[in-house]
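Subject: The model, and what turned up in it

Hi,

Here is the structure I promised to pass on.

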Amino acid sequence: MNLAKYVFWFAAPTRFVPLARRLIMPLRVVALLMGAFGLYLGFGVAPADAMQGEGYRIIYLHVPASWVAMFAYAMMAFWSFIGLVWRTRLSHLLAHALAPTGAIFAALSLVTGALWGQPMWGTWWVWDARLTSSLLLLLLYLGYLALLGSIDDPQRADRACAVMALLGALNLPVMYFSVRWWNTLHQGASVTPRGASMEPVMLTALLLCTLAAWAWAAATVLQRVLILIAEREAHARWLRALQGEELAAVPAHM
């Protein structure tokens with residue numbers, strides 16, 4: 001099966017719901033284990049940075065939060081596109097489930113960035129290209145959620161939010177390339193496809209923290225989309241049948 005077939009195979013809630021329920025707990029376990037080990041390496045084992053001293057360690061929170069915030073919006077735009085073109089209901093629900101998680105990580109990115117910037121730049125905030133586009137990302141998430149909550153009809157809300165998500169995706173390349181296109185205070189990427197300008201233990205800690213953030217975000221999104229499916233499909237026969245099978249599988253207490 002190619003990627004497109006997988007996408008549409010699991011677009012059916014009857015196939016997606018059992019898969020999501022099986023994935024949530026393993027993802028949370030992976031997130032906790034990787035996060036604990038990554039933070040231990042980053043804050044307890046990795047040496048201080050030659051230029052930034054101990055203050056650089058905020059990257060183990062800031063960088064994963066920034067990457068997840070951008071990736072979550074990219075996935076939100078992707079599922080919005082799938083929902084608009086092929087009219088798959090689950091695609092819109094996935095986009096809706098991604099928005100709160102993306103907003104939280106976008107806010108965390110801004111807060112940790114301010115904590116990093118104050119000792120390094122001498123200020124909590126500058127209207128830097130990267131910072132401004134990061135703030136815009138948070139506003140896009142919040143605008144998406146506000147639009148979703150302001151429209152009572154689910155189908156109209158799905159379409160309106162999908163269009164907004166696709167338009168907002170134009171901000172993503174600006175965020176990513178801003179440190180190349182303009183002379184900004186924000187430093188360039190330390191990790192690129194060509195390599196990493198970091199000590200191996202620093203890179204290992206950063207990657208572990210990033211994987212932990214992705215795993216936790218994925219588990220949270222899957223949990224939220226299950227709630228949205230239960231709300232939308234509350235009267236669906238397939239959902240009641242699935243819930244009945246789960247109850248039947250639980251052994252009765254003696």
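Predicted model: local features only at pLDDT ≥ 70, side-chain atom pairs only at ≥ 80, totals over all residues.

Residues are numbered from 1 along each chain as its sequence is written, and side-chain values use heavy atoms, with hydrogens and water left out.

**Overall layout**

The chain has 9 helices and 2 strands; these are DSSP runs numbered from the N terminus, with helices being H or I of at least four residues and strands E of at least two. Reading from the N terminus, the order is α-α-α-α-α-α-α-β-β-α-α. Of the 254 residues, 41% count as buried (buried is under 20% relative accessible area, exposed over 50%, partly exposed in between, with a 1.4 Å probe and protein chains only). Contact means heavy atoms within 4.5 Å. Among contacts between residues at least 6 apart in sequence, 73% join residues at least 24 apart.

**Helix H6 and its partners**

Helix H6 (residues 154-168) packs against helix H3 (residues 59-86) at about 130°, with the axes 8 Å apart. Axes are lines fitted to C-alpha atoms, for helices over the stretch in contact, and angles run from 0 to 180 degrees between N-to-C directions. That angle makes H3 oblique to H6 (under 35 degrees is roughly parallel, over 145 roughly antiparallel, 65 to 115 roughly perpendicular, and the rest oblique). The contact includes Tyr73, Met76 and Phe81 of H3, and Arg159, Val163 and Leu166 of H6. By class, its residues are 10 nonpolar, 2 polar and 1 charged. Here Ala, Val, Leu, Ile, Met, Phe, Trp, Tyr, Cys and Pro count as nonpolar, Asp, Glu, Lys and Arg as charged, and the others, Gly among them, as polar.

H6 also meets helix H5 (residues 129-150), where the axes come within 9 Å and cross at roughly 170°. H5 and H6 are therefore roughly antiparallel. Leu140, Gly143, Tyr144, Leu147 and Leu148 in H5 meet Ala157, Ala160, Cys161, Met164, Ala165 and Gly168 in H6. This contact has 9 nonpolar, 2 polar and no charged residues.

**H2 against H8**

H2 and H8 pack at about 155°, their axes 7 Å apart, which makes H2 roughly antiparallel to H8. Their contact has 28 nonpolar, 5 polar and 2 charged residues. Met25 lies in helix H2 (residues 13-45) and counts as exposed at 52% relative accessibility. The C-alpha atoms of Met25 and Ala219 are separated by 7.4 Å, though the two residues are 194 apart along the chain.

**Charged pairs**

Side chains of opposite charge can pair when their charged atoms come close. A salt bridge here is a side-chain nitrogen of Lys or Arg within 4 Å of a carboxyl oxygen of Asp or Glu, and the count comes to 2.

One joins Glu54 and Arg57, at 2.6 Å from N to O; Arg57 is buried, with a relative accessible area of 9%. Asp158 forms another with Arg232, the closest N and O atoms being 3.0 Å apart. This pair links distant parts of the chain, with Asp158 in helix H6 and Arg232 in helix H8 (residues 200-232), 74 residues apart. Asp158 is buried at 6% relative accessible area, whereas Arg232 counts as partly exposed at 33%.

Best wishes
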